[in-house]
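Biologist: I would like a close look at a single part of this model, taken slowly and residue by residue where that helps.

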Amino acid sequence: MNTLPLSLALLAALAIAPAFAATPIDETRALDPRGSIDVSNLKGRIQVRAWDKPEVRITGSLGDGVERLQIEGDRRNLEVKVRYPRGSNRAEPTTLILDVPQLAELEIDGVAVDIDVQGMAGDSLDIESVSGDIVAVGAPRQADIGSVSGSLRLNLNSHKVDLESVSGNIALRGRISGEIAAETVSGDIRIDTRGEPARRLDTSSVSGNASYVGGLAAGGRITVESVSGDIRLTLPKSLSAQVHGESFSGGLSAPGAHIDKPRYGPGASFEHTYGSGDGEVRMETFSGRAELVLE
Amino acid sequence: MNDPRHDHDLPAALRMQLRTLRTPEPPARELWPDIAARLPSQPRAAAEPAPRRRPRLLPALSAAAVLALALGLGWQLRPSSPEPAQAPPLAARPAPARAAPLVVVADAMTREYNGALREVPAPRPTAPGYRSLLELDASAAAVRDALAQDPDAVFLLQRLQHIHARRLALTRQLASA
């Protein structure tokens with residue numbers, strides 16, 4: 001049997017095989033220290049590390065089947081986007097590793113992308129993913145982070161934080177001096193501001209549990225709502241606030257508060273003033289348990 | 001990211017008044033003796049329509065406000081180029097007669113969002129996050145069940161609105177991915 005044509009065919013296949021392997025990335029662009037950068041990827045991983053250079057360096061690897069890495073813009077606004085062939089759903093994951101000026105405004109959009117951001121301290125940090133997990137550590141002035149099924153693990157020192165997930169859990173630690181908003185459907189919410197008094201806290205969930213450990217600024221407001229999830233607020237013993245709790249069929253608990261239950265029908269509520277009643281705390285559930293703890 | 005949470009604040013006085021709706025108030029005195037005393041002396045007259053209960057203005061106003069917000073949100077989220085779609089509709093029940101205002105609003109809201117969903121191409125079941133669509137549908141049903149039991153709970157209606165909006169936005173996002 002003549003094996004030469006087969007050998008030639010195999011050699012030809014090996015020659016073109018590298019074209020289908022993951023393509024390494026090594027790009028650098030200038031970016032002002034307070035410039036803005038948008039990064040988007042459909043599938044894979046995005047990792048961002050802050051540095052003190054006025055430029056963005058992009059490394060990593062493009063997955064098989066990806067059309068190209070598109071980098072557009074100027075030193076004020078950069079856009080880094082992984083482009084896929086139209087209608088293609090077979091591309092392999094792409095890993096983007098970026099070094100970005102620490103004070104830049106960063107926006108990341110992903111679908112099935114795990115996202116890891118460390119050290120950013122610019123004016124804003126905006127991250128959205130669908131199914132990837134998100135980890136962020138830094139001090140952006142404002143953070144807006146959301147996922148659908150991925151979890152959020154955050155350690156932020158910020159003024160305003162807005163978090164959202166459907167089934168992923170949200171875990172936030174850090175000193176938040178202004179407003180915190182967190183919303184889930186079935187994911188749990190755990191917030192610990194390490195004693196920092198929040199000016200405003202709003203959390204809402206359907207079946208997820210919510211817990212907050214922290215303070216309440218003078219004149220501040222906390223509103224925590226859940227349908228069937230449990231709520232636990234741990235506030236300082238020096239709390240000065242009017243506290244209102246309400247539940248249709250869940251339990252209520254607050255130090256020193258008298259729980260009112262109507263003679264007819266379900267429902268329970270309480271109103272209690274702690275200290276001089278400076279702030280306002282509202283806990284409301286349908287069937288979940290709501291508990292206030294003072295420590 | 002949209003944040004309608006901060007738009008939900010009803011005046012404290014309104015919230016207090018809504019709470020009192022679920023407080024039972026039995027008559028201050030026994031009423032039947034007075035009624036029985038008047039019955040034989042009244043001539044049998046043509047049947048008169050039962051006096052209409054005075055509609056509760058404040059819940060209707062708050063419900064109207066939320067409905068206006070819901071309809072406005074639905075209009076804002078309408079797609080620019082509608083295409084035939086097969087997105088599974090959110091469960092909507094026909095409002096029974098004399099349904100509580102918030103339940104009526106919830107039904108109307110659900111119909112609006114179902115209409116908007118029908119304009120969006122159905123995402124592939126293999127799309128990342130597709131399971132979350134099912135989870136959102138299940139949570140909407142849970143909230144509506146809760147609202148049926150606690151029809152004065154404004155926060156449940158607000159939660160339902162957020163779920164509908166999230167469901168619609170996620171459907172469009174996954175359909176275009």
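Which residues have the most contacts inside the largest nonpolar core, and how many residues does that core have?

Modeller: Bearing in mind that this is a predicted model, the largest nonpolar core has 102 residues, and those with the most contacts inside it are I37(A), L106(A) and L233(A) from chain A, together with V143(B), L147(B), L156(B) and L160(B) from chain B. The element that gives the most to this core is helix α6 of chain B, residues 154-176, with nine residues. On the side of chain A, L106(A) is in contact with I37(A), V48(A), V100(A), V117(A), M120(A), G122(A) and L125(A), once its neighbours within four places in sequence are left aside. Not counting residues up to four places away in sequence, V117(A) touches V48(A), L106(A), L125(A), I127(A), A136(A) and G138(A), whereas the C-alpha atoms of V117(A) and N157(A), 40 residues apart along the chain, are separated by 14 Å.

As for the two chains, 31 residues of chain A are in contact with 27 residues of chain B. Strand β7 (105-120) of chain A is among the elements that give two or more residues to the side of chain A that touches chain B, as are β10 (142-146), β12 (158-164), β14 (176-183) and β15 (189-205). The residues of that side divide into 13 nonpolar, 10 polar and eight charged.

Terms used
Residues numbered from 1 in each chain as written. Chains lettered and ligands numbered in written order. Predicted model: local features only at pLDDT ≥ 70, side-chain atom pairs only at ≥ 80, totals over all residues. Core = buried A, V, L, I, M, F, W, Y, C linked by C-beta atoms within 7 Å. Buried ≥ 20, exposed ≤ 12 C-beta atoms within 10 Å, placed from the backbone. Helix = DSSP H or I, 4+ residues; strand = E, 2+ residues; numbered from the N terminus. Contact = placed C-beta atoms within 7 Å. Nonpolar A, V, L, I, M, F, W, Y, C, P; charged D, E, K, R; others polar.
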